[in-house]
Amino acid sequence: MQILPAEALAEKAFLTVDVRLNSTSTRSSQANVVVFRYLGRVYAYVNHCMHMHKPLNCQQDAIFDAERRWLRCSMHGFIFEPETGVCISPVCEGQALQAIKVIEQDGMIVFKEKYLQILTVNLPKPAVSGVSHD
Ligand code: FES
């Protein structure tokens, strides 16, 4: 399922997508997915911090830290590896954001999840929206 033209997502910019996740074993559920470009590659994770079950951008309209090296939850500042979604902050160290398969194909950003239905695409946020660790 195509999200938008790949060129619309600049380095370290992000967008969010409301989706329905369907499964043969569980009831369908809705989720918000954060999609971003990091070092040229596109990644996507369910936008749900495992610490206190908040979206990464719940307090500030940003998903990166000030240096734009790490993903950062704006609620309490926990940080995550962009490439893996693994949390490296002590309380949740080793736990990971739920990855969503996404690729660039024929100039488009495309979800490759069989049981995912796109509901709404929220346009990309600029890369300048990083926040500090304070
Ligand atoms: S809810 Fe994300 S760091 Fe606390």
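Guide: A definition comes first: contact means heavy atoms within 4.5 Å. Please also keep in mind that this is a predicted model.

Visitor: Noted. With that definition, which residues is N47 in contact with, leaving aside its neighbours within four places in sequence?
Guide: N47 touches T16, N32, V33, V34, K54, P55, L56 and N57.

Visitor: Where does N47 lie, and is N47 buried or exposed?
Guide: N47 belongs to the loop between β4 and β5. Its relative accessible area is 6%, so N47 is buried.

Visitor: Let us turn to the aromatic residues. How many aromatic pairs does a search of the whole structure find?
Guide: The search finds 4 aromatic pairs. One of them joins F36 and F64 in an edge-to-face arrangement, with 5.5 Å from centre to centre and 90 degrees between the planes.

Visitor: Which parts of the chain does that pair link?
Guide: The pair links distant parts of the chain. F36 is in strand β3, residues 29–38, and F64 is in the loop between β4 and β5, 28 residues apart. Both F36 and F64 are buried.

Visitor: And why is the pair of Y38 and F64 called stacked?
Guide: The ring centres of Y38 and F64 are 6.2 Å apart and the planes are at 15 degrees, so this pair counts as stacked. The cut-off applied here is that planes under 30 degrees apart count as stacked. Because Y38 lies in strand β3 and F64 in the loop between β4 and β5, the pair ties together parts that are 26 residues apart in sequence.

Visitor: How accessible are Y38 and F64?
Guide: Y38 has 3% relative accessibility and counts as buried. For F64 the relative accessible area is 3%, and F64 is buried.

Visitor: Which residues form the aromatic cluster?
Guide: One aromatic cluster is formed by F36, Y38, Y43, Y45 and F64.

Visitor: What sits over the ring of W70?
Guide: The charged end of R69 does, at 3.9 Å from the ring centre.

Visitor: Another arginine, then. Where is R37 found, and is R37 buried or exposed?
Guide: R37 is in strand β3. With a relative accessible area of 10%, R37 is buried.

Visitor: What surrounds R37?
Guide: Neighbours within four places in sequence aside, R37 is in contact with A6, L9, A10, E11, K12, A13, V42, F64 and E104.

Visitor: What about R68?
Guide: R68 also has a positive phi of about 60 degrees and is not a glycine. R68 is found in the loop between β4 and β5.

Visitor: Now the hairpin. How do β7 and β8 pair?
Guide: Strand β7, residues 102–105, and strand β8, residues 108–111, pair in the antiparallel sense over 4 bridges. E104 stands opposite I109 in β8. There are 2 residues between the strands of this hairpin, and D106 takes a positive phi near 50 degrees.

Visitor: Which residues have the most contacts inside the largest nonpolar core?
Guide: That core has 20 residues, and I3, V19, V35, I109 and F111 have the most contacts inside it. The elements giving two or more residues are β1, β2, β3, β4 and β8, and the largest share, 4 residues, comes from β2.

Visitor: What does I109 touch?
Guide: Beyond four places in sequence, I109 is in contact with M1, Q2, I3, L4, P5, A6, L9, V35, V42, V102, I103 and E104.

Visitor: What other core lies apart from the largest one?
Guide: Another core, of 18 residues, lies apart from it; among its residues are F14, Y38, L56 and C92.

Definitions and conventions
Residues are numbered from 1 along each chain as its sequence is written. This is a predicted model: local features need pLDDT of at least 70, side-chain atom pairs count only at pLDDT 80 or more; totals for chains, interfaces and linings use all residues. Side-chain values use heavy atoms; hydrogens and water are left out. Two strands pair if DSSP finds at least two bridges between them. Rings of Phe, Tyr and Trp (its six-membered ring) pair if their centres lie within 6.5 Å; planes under 30 degrees apart count as stacked, over 60 as edge-to-face and the rest as tilted. Buried means under 20% relative accessible area, exposed over 50%, partly exposed in between (1.4 Å probe, protein chains only). A charge sits over a ring if NZ of Lys or CZ of Arg is within 6 Å of the ring centre and within 35 degrees of the ring normal. A nonpolar core is a set of buried Ala, Val, Leu, Ile, Met, Phe, Trp, Tyr and Cys residues joined through side-chain atoms within 4.5 Å.
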